[in-house]
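Please look over the structure below before reading on. The numbered notes that follow are for a colleague new to it.

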Amino acid sequence: MRRRWSIAGQLFALQVVVVSLLVAGGGTGAVLLARRDAHDAAVEEVSAVAEAIARSPMVVDAVRGPDPTALLQPYAEATRIATGTDFVVVMAPDRTRWTHPARELIGQRFAGSVAGALAGGTVVEQYKGSLGESVRTVVPVRAADGTIVALVSVGITTEAINRKLLGQAPAVGLATLAALLLAAAGAWLLSRRLRRQTHGLGPAEMTRMYEYYDAVLHAVREGLVVVDRDGRVALINDEGRRLLGIAEDTPVDRRVEELGLPAEAAELLSSRRTTVDEPVAAGARVLVASQRETRFAGRALGTVLTLRDHTELRALTGELDSVRGLTQALQAQAHEAANRLHTVLTLIELGRPDEAIRLATAELAQAQQLTDQVVGAVAEPALAALLLGKSAQAGERGVELTVDPGSRVTGEPLPSRDLLTVVGNLVDNALEAVAAAPPPRRVRVLVREQDGAVLVRVTDTGPGMTPEQAAAAFRRGWTTKTGPGHGVGLALVRQVADRYGGSYEVTPAEGGGAVLTVRLPVPS
């Protein structure tokens, strides 16, 4: 299988190539600069030597003597050796050499340009002469009256210049190698850090991972909120924005408290505590939140919060509980009816028909009275069924549930789901409150339309609530019961009331217990 290069490996290879090219370019530039500097230094050196020889009185006297070579040749050679130049040539104005390192060339014509020197100037050139290519200068020798009596040419061969450059090559090479090694070490350290940060993934893997993760984050039906170690929100997916009420164009790279999250969600994120399936109120929604710390290789990265919308599920669960309670009550009544039927038959067999009739009709009249009362007061069928079911459920628990004669609901002033949520949860709360209370255990329900609103009032004979409990009763998570799954019912009631712009309160009941009142304005 072909091995794919990671991003860090590709970056390291690219850096090595770039640095090598830069170092190679720098080394070439350094060589060229050194060569030019060597050329300029050679020009300055031969010019200075030539000027010094041309101004020497001994040279002026020798060129006027009968044998200039005899005097000038030893002097020129001594000067050449002392200055490290390759030739010192003193010549007549007609180019005839009087001195030269190669004695066989003395007396021959000088090869090179002298016109500038004969005109009183200085000639500097690179010329291929008898000793090979050289950098040379030609200057005039003047008598006391200023006339040009001779010319002096001093030069250094390019071979000698190159030898000097080659002598500097080891130093330049070591400096270049050190720069290359230093740059390669830096590139390796950078690529190692990048490999650690990208976990050795290549560009194709990272692109594929991003595309998959982005698709998953947008498609998942749970809200996801990721907070980094500094308390800044790193990511919120589409469902998380919807559940928390954050606009799509709102940037999320902010601290938790700066994002305008619902209070309970912001508190949970800021606390960084680990929690599982904790109810969280977010506007008109009840969310179930789970949060845990994320770690990689033992290092804390932040926290991940997942959110699920349980608003409709809670409402449907309440309806299901009501139906289940009604079913269980009907089953219990079926057993009771069977027992009463056996008793009636036995009484008839014993020749006591009057007692059998009284026993058979008493329960029926009582049940029919409750049914007539509920159906006559509440025209909404689902709500009437809920009250009948709760009445039967209360009877199974030994609680007397009555519907206030003042109850009156015509038609469907509010959606039945919202009415069932409010009435069902208030009645359930009352039944739970009186379950552990001493007899008599009573729950009274009032549901009526009043002044453009639906008033729901549930009174119980339970232990009641302290002022602190009453203030917190409708807050998410408040409960007097132990175990998971509690502290949500009254929060759902509060959310329905908030959605309609209604009110809710807890007051003490006369003779003990509590009165929970909810007012829901009917939309026009």
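1. Start with Asp-418. Asp-418 sits in helix H12, residues 416-435. Helices (H or I, at least four residues) and strands (E, at least two) are DSSP runs, numbered from the N terminus. Asp-418 counts as buried because its relative accessibility is 10%. Buried means under 20% relative accessible area, exposed over 50%, and partly exposed in between (1.4 Å probe, protein chains only). Leaving out residues up to four places away in sequence, Asp-418 touches Val-496, Arg-499 and Tyr-500. A contact here means heavy atoms within 4.5 Å.

2. A word on the source. This is a predicted model, in which local features need pLDDT of at least 70 and side-chain atom pairs count only at pLDDT 80 or more, while totals for chains, interfaces and linings use all residues. Residues are numbered from 1 along each chain as its sequence is written, and side-chain values use heavy atoms, with hydrogens and water left out.

3. The overall picture. The protein has 14 helices and 14 strands. Of its 524 residues, 38% count as buried. Among contacts with a separation of 6 or more, 54% come from residues 24 or more positions apart. The accessible surface is about 28700 Å², and carbon and sulfur atoms hold 57% of that. Accessible areas come from the Shrake-Rupley method with a 1.4 Å probe; for residues, only the protein chains shown count as cover.

4. Helix H3, residues 68-83. Gly-84 follows H3, with a positive phi near 75 degrees.

5. A surface patch. Leu-14, Val-18 and Leu-22 form a nonpolar patch with about 290 Å² of accessible area together. Leu-14 belongs to helix H1, residues 7-54. Patches are made of residues with over 30% relative accessible area and no salt bridge: like charges are joined within 9 Å, nonpolar side chains (Val, Leu, Ile, Met, Phe, Trp, Tyr) within 5 Å.

6. Salt bridges. The whole structure holds 15. Each is a side-chain nitrogen of Lys or Arg within 4 Å of a carboxyl oxygen of Asp or Glu. Arg-55 pairs with Glu-51, with the closest N and O atoms 3.7 Å apart. Arg-55 is exposed at 68% relative accessible area, whereas Glu-51 is partly exposed at 27%.

7. A pair between strands. Asp-277 and Arg-308 form a salt bridge, with the closest N and O atoms 2.9 Å apart. The pair links distant parts of the chain: Asp-277 is in strand S7 (residues 275-282) and Arg-308 in strand S9 (residues 299-309), 31 residues apart.

8. A pair between helices. Asp-428 and Lys-390 meet in a salt bridge at 2.4 Å, N to O. Asp-428 lies in helix H12 and Lys-390 in helix H11 (residues 381-396), 38 residues apart. Is Lys-390 buried or exposed? Lys-390 is buried, because its relative accessible area is 2%.
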